[in-house]
Amino acid sequence: MTRRFIGKLATRGPRCLCIGLAGLLTTTLPAIAHVQNFDVVALGAHGGIVDGDLTAYLVRPVGDDRAVLCDAGTIMKGLEAAERKGSLNDIRPSPDLDKERPGLVARHVVRAYLISHAHLDHIAGMVALSPDDTPKPIYALPSVIDVLTQHVFNGAVWPNMADQGTAPRLGLYHYAPLKVGQADRIAGTALTVSAYPLSHAAVESTAFLLRNGDDALLYLGDTGADTVEHRHNLQDLWQAVAPLIRAHHLHGIIIECSYDDSRADARLFGHLSPHWLLHELEMLEKAVGNEKPLQGLPVVVSHIKPSLISSRQPERDILTTLRQHDRTGSRFIRLEQGDRVQF
């Protein structure tokens with residue numbers, strides 16, 4: 001059955017096309033001036049316990065076969081799921097490269113990794129693929145690169161596949177440190193990226209603002225709410241992206257919501273619940289300042305942690321809570337592994 005994303009289309013603001021199992025358009029849009037400019041495939045959509053389906057989003061300009069991977073918890077299993085669902089059908093295999101499309105995408109279409117933080121559920125796919133990968137840059141904040149250098153690609157946990165750190169350095173990956181708020185062109189792509197720090201309990205995580213010309217897509221790694229984290233990282237981020245929303249250049253947001261509202265704030269461990277996600281979207285709305293500036297804005301809800309308790313259904317409960325209690329008019333979308341959406 002083709003997966004559908006149901007929601008009322010707004011008459012203003014960003015729109016999205018969603019593509020399901022057979023690669024078919026499941027949302028028909030009227031002719032509009034706001035062109036879909038970003039193609040996103042969820043290679044890993046969950047957080048926590050589902051190994052083989054951990055956070056990773058393939059992002060590229062529509063019609064462009066040069067992509068980046070926002071986090072890399074899962075790669076090959078996600079690409080195989082995307083292939084089964086038809087989400088990669090517009091990428092043609094090349095007999096001169098990898099004849100199977102998942103391998104082609106992993107090795108040649110993905111031109112760079114954007115790593116928000118070095119927790120295993122955000123890097124495991126990259127680490128596992130590395131012996132068969134092609135050379136790529138890893139874009140990250142310096143604190144994240146330090147963790148990768150010291151604790152992952154260090155010759156003990158894993159061979160040092162990078163160009164810094166413990167010898168022998170195999171040099172497959174080039175560390176490309178990002179400066180907060182500064183736009184850097186992503187090598188081999190049409191995209192630029194600006195990084196903004198997030199508070200994820202004791203760890204510095206990252207939000208990546210991707211730009212394709214004037215158009216933008218915002219991806220957030222793991223983050224807690226400012227109020228719970230006693231920080232102002234999200235407020236700083238909202239101030240940075242507010243002008244893009246005013247100008248109708250922000251096409252969508254990918255943001256985590258790991259737990260439902262039954263979880264106490266003290267046990268969120270640097271994550272969001274529906275209450276805090278809605279609160280932060282209202283803070284973004286205030287930062288923009290216009291009337292209903294988020295109306296129709298696609299918000300992909302990621303990193304939901306499944307429950308081992310049969311009576312619990314976190315995905316259903318989280319999406320229901322968000323849609324029932326939202327006051328911003330945001331359009332909440334849930335992608336499963338292999339699903340594709342265009343913003």
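The tour below goes through a predicted model, stop by stop.

**The largest nonpolar core**

Begin by selecting Y113 and M126, the residues with the most contacts inside the largest nonpolar core, which has 64 residues. Next colour strand β2, residues 38–44, because this strand gives the most to that core, with five residues. Now keep M126 selected and show its surroundings: leaving aside neighbours within four places in sequence, M126 is in contact with A72, I75, Y113, I115, I138, F153 and Y173. Elsewhere you can pick out a second, separate core of 39 residues, which includes L237, L250, V299 and I304. In soluble globular proteins, nonpolar side chains tend to be buried together.

Select helix α2, residues 101–109, where seven of the nine residues are buried. These buried residues are R101, P102, G103, L104, V105, A106 and V109. If you then show the elements against which they pack, you will find β3 (56–61), β4 (67–70), α1 (76–84), β5 (110–114), α3 (120–129) and β6 (136–140).

Move on to α3, which is likewise mostly covered, with seven of its 10 residues buried. The buried residues in α3 are D121, H122, I123, G125, M126, V127 and L129, and you have already met M126 as one of the residues with the most contacts inside the largest core.

Is S273 buried or exposed? Its relative accessible area is 3%, and because buried means under 20%, S273 counts as buried. Beyond its neighbours within four places in sequence, S273 is in contact with C257, Y259, D260, D261 and L268. For a sense of distance, select L210 as well: S273 and L210 are 63 residues apart in sequence and 25 Å apart in space, taken from C-alpha to C-alpha.

**Two buried cysteines**

Select C257, one of the contacts of S273, and note that C257 is buried, with a relative accessible area of 0%. C70 also counts as buried, at 0% relative accessibility. The count of disulfides in the model comes to zero.

**The largest pocket**

Finish with Y259, R263, K305, P306 and S307, which lie nearest the centre of the largest pocket, among the 15 residues that line it. About 270 Å³ of space lies in this pocket, and its lining has six nonpolar, four polar and five charged residues.

Conventions
Residues are numbered from 1 along each chain as its sequence is written. This is a predicted model: local features need pLDDT of at least 70, side-chain atom pairs count only at pLDDT 80 or more; totals for chains, interfaces and linings use all residues. Side-chain values use heavy atoms; hydrogens and water are left out. A nonpolar core is a set of buried Ala, Val, Leu, Ile, Met, Phe, Trp, Tyr and Cys residues joined through side-chain atoms within 4.5 Å. Buried means under 20% relative accessible area, exposed over 50%, partly exposed in between (1.4 Å probe, protein chains only). Helices (H or I, at least four residues) and strands (E, at least two) are DSSP runs, numbered from the N terminus. Contact means heavy atoms within 4.5 Å. On a 1 Å grid over the protein atoms alone, a cavity is a set of points where a 1.4 Å probe fits but cannot get out, and a pocket is an open set with protein on both sides within 12 Å along at least five of seven lines; lining residues have an atom within 4 Å of a point. Grid points are joined across faces, edges and corners, and a volume is the space filled by probe spheres set on the points. Ala, Val, Leu, Ile, Met, Phe, Trp, Tyr, Cys and Pro count as nonpolar, Asp, Glu, Lys and Arg as charged, and the others, Gly among them, as polar. A disulfide is a pair of cysteine sulfur atoms within 2.5 Å.
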